[in-house]
Amino acid sequence: MFSKSKPMWGKKNKLKSSYDVVLIGGGLHSLATAYYLAKEHGITDVAIIEKNYIGYGGAGRNTAIVRANQRTQYNVPLYKEALDLWPVLTRELDYNLMFNNCGNLNLMHSEAAMNAARMNVATAQFHGVESHLIDAKQAKELVPALNISDDITFPIHGAMYHPPGGVVRHDAVVWGLAKGAAKMGVEIHQHTEATGIQTKNGKVTAVVTDKGVINTKQVLLSAGGYSAALIHGFLGIKLPISVLTIQAMVTQPLKPLLDHVVSSGAYHCYANQTLKGEIATGAHMDPWPNYTTLTTAHYIKHQAEALSEFLPALRGVRFMRIWGGLADMTPDMAPIMDGNEQVEGFFMDCGWGYFGFKSCSAVGRHMADFMATNTCPDILKPFALKRYKEHKLMGETAALMSYSPDN
Amino acid sequence: MALTITCPICGKRNGYEFRYGGEEKGPRPDQKDLTPESWCDYVHMNRCVAGIQQEWWFHRDGCGSWFTIFRDTTTNLEKETPEAKE
């Protein structure tokens with residue numbers, strides 16, 4: 001039966017010599033952009049070029065968590081829109097994305113962290129995102145497995161509780177968007193590697209691939225962790241990005257014990273229980289840039305130590321799978337979305353770090369708008385590359401991140 | 001993958017003893033003639049090479065030296081020279 005089944009994203013097309021729009025990267029941001037280009041702007045002469053297979057990179061590497069409790073006034077509305085889109089997309093695509101809005105609990109381990117959370121909660125509430133500050137006892141009532149005693153390394157002072165967040169099945173989003181886009185005429189070319197972008201007089205003219213040259217006036221490069229190296233290789237544009245391997249893992253399946261996404265900055269650890277019963281948990285980043293996507297014993301030890309402190313019921317539970325992928329980090333922990341700025345017809349959508357999954361639905365919609373109208377939507381304007389030159393860093397973290405030498 | 005770094009003073013050590021110090025970008029731009037572009041380029045911008053790059057390291061849990069090495073970012077292996085040689 002499997003040999004006869006056709007991919008949901010249509011038959012395998014032959015690569016044409018020209019398209020209106022070419023999207024480099026077969027991840028969620030490309031797929032969502034293609035979907036909205038076709039759906040909201042009637043632009044269907046679109047090719048997605050993917051070196052491996054769709055969903056190979058960050059789309060499958062992430063731990064499927066979605067939330068809208070970011071820090072700044074620029075980010076929160078974008079993530080809110082993305083969060084609100086999951087039920088809408090589930091209907092539109094006629095595909096079960098398995099959105100489970102179980103709620104997120106960000107643990108705070110000091111009074112300073114509680115104060116920082118107060119600001120986050122105020123920002124969220126201002127933008128209409130439900131978010132509450134709760135104390136340790138209330139956190140324990142929500143998640144009885146939590147250890148709120150003060151004899152652990154980082155005792156829990158309270159938490160930022162964000163009820164509308166939760167988990168979406170990441171593979172389903174890949175397949176659903178691919179199906180939805182292909183149905184409207186978008187071509188998805190897997191195992192096709194982009195090897196260059198040709199320009200003339202400061203304008204994009206073609207994308208070079210290992211299957212031939214594609215003439216096009218518009219190209220979006222959103223290849224997740226590989227974007228920065230590709231953009232520098234193709235166009236010589238340097239980006240304020242550090243590419244790191246990020247790891248995650250799941251335990252053996254357990255009976256239900258955790259019905260929220262629980263995360264802790266101090267323990268550098270988050271955990272949620274999947275519908276299969278596994279505890280999915282991340283996320284350690286290698287402290288130096290690399291493209292290995294390899295997993296480390298260092299991280300397994302770290303994760304076991306962290307989990308057994310704040311979720312002591314997990315002591316003795318076995319890890320079942322561990323994996324690594326890439327995260328392209330910027331110094332202000334906010335993405336770079338730009339277009340028609342460095343080269344006419346060239347758009348980029350990268351620097352998402354580990355926020356690419358939770359943002360893909362809304363960003364695809366706005367990038368499609370940007371490409372279709374050649375006018376940057378207001379919501380994307382603060383994310384332009386020039387903010388670094390102007391020293392208008394986003395402040396998504398209170399201080400610069402330590403992934404680059406400048407902190 | 002495990003990373004080892006060769007410190008010029010302490011020799012080959014576990015990578016977790018060190019702190020990554022960024023891509024080698026040449027000398028710090030001169031104060032005079034400094035523009036927002038050239039400063040931004042020096043401070044923030046990276047090439048993000050998927051391959052061999054020259055980069056700075058600080059022996060944080062050791063002798064405190066700052067030095068550069070060549071490393072293949074796709075394998076985490078140190079290299080003698082900037083050219084790929086197998």
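**Figure 1. The two domains of chain A have centres 30 Å apart, taken over C-alpha atoms.** This is a predicted model: local features need pLDDT of at least 70, side-chain atom pairs count only at pLDDT 80 or more, and totals for chains, interfaces and linings use all residues. Residues are numbered from 1 along each chain as its sequence is written, while chains are lettered from A and ligands numbered from 1 in the order in which they are written. In chain A, domain 1 covers 21–62 + 170–240 + 333–389 and domain 2 covers 104–163 + 242–329; such bounds come from an automatic or database domain assignment.

**Figure 2. Domain 1 of chain A meets domain 2 of chain A through 12 residues of domain 1 and nine of domain 2.** Two residues are in contact if their C-beta atoms, placed from the backbone, lie within 7 Å. On the side of domain 1 of chain A that touches domain 2 of chain A, helix 2 (58–61) and helix 7 (227–235) of chain A are the elements that give two or more residues. Helices (H or I, at least four residues) and strands (E, at least two) are DSSP runs, numbered from the N terminus. That side of domain 1 of chain A has four nonpolar, seven polar and one charged residues. Ala, Val, Leu, Ile, Met, Phe, Trp, Tyr, Cys and Pro count as nonpolar, Asp, Glu, Lys and Arg as charged, and the others, Gly among them, as polar.

**Figure 3. Chain A touches chain B, with 25 residues of chain A in contact with 23 of chain B.** At least two residues of the chain A side come from each of helix 7, strand 13 (242–251) and helix 10 (386–389) of chain A. Helix 7 of chain A gives the most, with three residues. The chain A side divides into 14 nonpolar, seven polar and four charged residues. The predictor gives the complex an ipTM of 0.94 and a pTM of 0.95.

**Figure 4. Helix 3 (residues 75–93) and helix 6 (residues 170–183) of chain A cross at roughly 50 degrees, their axes coming within 10 Å.** Axes are lines fitted to C-alpha atoms, for helices over the stretch in contact, and angles run from 0 to 180 degrees between N-to-C directions. Helix 3 of chain A is therefore oblique to helix 6 of chain A; angles under 35 degrees count as roughly parallel, over 145 as roughly antiparallel, 65 to 115 as roughly perpendicular and the rest as oblique. Leu89(A), Glu92(A) and Leu93(A) of helix 3 of chain A make the contact with Gly176(A), Leu177(A), Lys179(A) and Gly180(A) of helix 6 of chain A.
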